[in-house]
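Subject: Structure for you to look over

Hello,

Here is the structure I promised to pass on. Please open it alongside this note.

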Number of protein chains: 2
Amino acid sequence: MSTMRDRKDRGGSKANGQETLAEKLAGEIGQAILGGDFPPGMRLDEHMLAERFAVSRTPVREALRQVAATGLIEVRPRRGAIVTSITAEQLAELFVAMGEIEATCARLSALGMNPIERRRLESFHSEMAQMAEAGDEKAYADSNARFHQMIYAGAHNRVLLEMATNLRSRLDPFRRAQFRAPGRLMRSHQEHDAVVSAIMSGDGSAAHQRMLDHVNLVEDAFETLSRMAGARKSMQRQSA
Amino acid sequence: MSTMRDRKDRGGSKANGQETLAEKLAGEIGQAILGGDFPPGMRLDEHMLAERFAVSRTPVREALRQVAATGLIEVRPRRGAIVTSITAEQLAELFVAMGEIEATCARLSALGMNPIERRRLESFHSEMAQMAEAGDEKAYADSNARFHQMIYAGAHNRVLLEMATNLRSRLDPFRRAQFRAPGRLMRSHQEHDAVVSAIMSGDGSAAHQRMLDHVNLVEDAFETLSRMAGARKSMQRQSA
DNA sequence: GATGATTTGTACGTATGTATA
DNA sequence: ATATACATACGTACAAATCAT
């Protein structure tokens, strides 16, 4: 009974193969959920996943546990795993938490960023001005993610960095359309400017408040969209 | 080949058995680490764990993945799992993150607690005064945990609540001795009083600042202790 | 540096619990 | 309500990699 039939260099992308199948699966499943391939509420059948990724059920099970820990799926004992369907309330709480963490990072950045980090942030922010003026939504969205990441990093705290990054990835599907609204690009950049100014002048509480304002406005933009029926599903799909 | 030999009501604590072995194991392993049974740097051998808890390796492996997601252990592919040994720097970052989250919860509590929550917090805080005066370290420590938990809950945000709770449990081993220092009980209560006052008067930024002060002082207390050689290990042990 | 021992990673079988007819 | 079907949970076997000698 040839158990290990087709196991030639699977996962051979990394030269040393320094990654287990379960970990790779966890990443792929997470991406599939974030990307909308596995919509909220969908049941994740072990057999189905095992077949889809051409592995046995064991690594699938371990991957599911890992994904569950990030909050993307919910595993009910003996009843299988389902993609967490976020209620409006939970979504709001995620946005609030995200905003608070971001604001905290901004305050710590204002107080603790070193000169190099400050210069890099300022120059990167300047570059984004051109994208905003040009109306290049995609380029701006990508840069926006990096902009916020720079502020997380400026807090000099791995724990907060990890929390912020994780929250951001979870909320990503709901932000895809945020720069579509007319004039949103320029406004976002103005808000960024207020944050950057506060950080540059070392004003912690101002940086905190400006960032909170910024993220709350993004949240408002989302609310507008989500009031439309089925908004959540269509937003999920956009990234597929 | 009687595979399932002794599977009578294992885990029969909950009436409906609404918990899988792997989950229970994850909890127990986490407790063992937090409690110091598994000291930092220790290798967690799958066979050893399987034997110790009288289960097979499969649930152990799944539990390890879950625990790894909480940051208590680190699993290196093909090299086994080790209990994360926290460096002084990482510990400091954990305390900072904890303080920031707590402060955020305090601010949100000041702004959003309903009258019932406010009254409960206030009366509970009053009860703690007696413990502080009596010098009852154990009772005060237990109540202290509940006190902070009430403030997390007052923020009305599951995400922040979960983050705060998780961080607190990770830092717990390092706080065991915090109320041993002479006069620390009364001082802690005074700091709590400042926080409660700010929450009661609905002053968000004051609540934020007072809580930050409170937690930073706890951190200072820790630093004093950790400067002694081997402090970390001995602190881990105290809870065993 | 090669070989053997130990341990992790994966596959698969079986039983129990949940859902459905 | 009982029985049937199906998916999950756990145990065991084997393969591959790491480590120790």
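Below is what I found, from the overall layout down to single contacts.

First, a caution. This is a predicted model. Please read everything below with that in mind.

**Chain A overall**

Chain A has 240 residues, and 35% of them are buried. Its secondary structure comes to 10 helices and three strands. The order from the N terminus is α-β-α-α-β-β-α-α-α-α-α-α-α. Take the contacts in chain A between residues at least 6 apart in sequence. Of these, 71% join residues at least 24 apart.

**The strands of chain A**

Strand 3 of chain A spans residues 80-83. It pairs with strand 1 (residues 43-44) of chain A, in the antiparallel sense, over two bridges. Here Leu44(A) sits opposite Ala81(A) of strand 3.

Strand 3 of chain A also pairs with strand 2 (residues 73-76) of chain A. That pairing is antiparallel too, and has four bridges. Arg76(A) stands opposite Gly80(A) of strand 3. Strands 2 and 3 of chain A make a hairpin, with three residues between them. Look at Arg78(A) in the turn: its phi is positive, at about 65 degrees.

Which residues of strand 3 of chain A lie on its covered face, and which on its uncovered one? Ala81(A) and Val83(A) are on the covered face. Gly80(A) and Ile82(A) are on the uncovered face.

**A helix pair in chain A**

Two packed helices are described by the angle between their axes and the distance between the axes. Start with helix 5 (residues 115-134) and helix 8 (residues 184-200) of chain A. Their axes come within 10 Å and cross at roughly 165 degrees. Angles over 145 degrees count as roughly antiparallel, so helix 5 and helix 8 of chain A are roughly antiparallel to each other. The crossing is left-handed.

Helix 5 of chain A brings Arg118(A), Leu121(A), Glu122(A), His125(A), Met128(A), Ala129(A) and Ala132(A) to the contact. Helix 8 of chain A brings Leu185(A), Met186(A), His189(A), His192(A), Val196(A), Ile199(A) and Met200(A). By class, the contact of helix 5 with helix 8 of chain A has nine nonpolar, three polar and two charged residues.

**A helix pair in chain B**

Now helix 4 (residues 88-112) and helix 6 (residues 137-154) of chain B. Their axes come within 7 Å and cross at roughly 60 degrees. Helix 4 and helix 6 of chain B are therefore oblique to each other. Helix 4 of chain B passes helix 6 of chain B in a left-handed crossing.

On helix 4 of chain B, the contact residues are Glu102(B), Cys105(B), Ala106(B) and Ser109(B). They meet His148(B), Ile151(B), Tyr152(B) and Gly154(B) in helix 6 of chain B. Four residues of this contact are nonpolar, three are polar and one is charged.

**Where the chains meet**

How many residues does each chain give to the contact of chain A with chain B? Chain A gives 20 residues and chain B gives 20 residues. On the side of chain A, the elements that give two or more residues are helix 3 (57-70), helix 4 (88-112) and helix 7 (158-171). The largest share, six residues, comes from helix 4 of chain A. That side of chain A has eight nonpolar, five polar and seven charged residues.

Best wishes

Notes:
Residues numbered from 1 in each chain as written. Chains lettered and ligands numbered in written order. Predicted model: local features only at pLDDT ≥ 70, side-chain atom pairs only at ≥ 80, totals over all residues. Axes fitted to C-alpha atoms, helices over the stretch in contact; angles between N-to-C directions. Parallel < 35°, antiparallel > 145°, perpendicular 65-115°, else oblique. Left-handed = near helix turned anticlockwise from the far one by under 90°. Contact = placed C-beta atoms within 7 Å. Nonpolar A, V, L, I, M, F, W, Y, C, P; charged D, E, K, R; others polar. Buried ≥ 20, exposed ≤ 12 C-beta atoms within 10 Å, placed from the backbone. Pairing = 2+ DSSP bridges.
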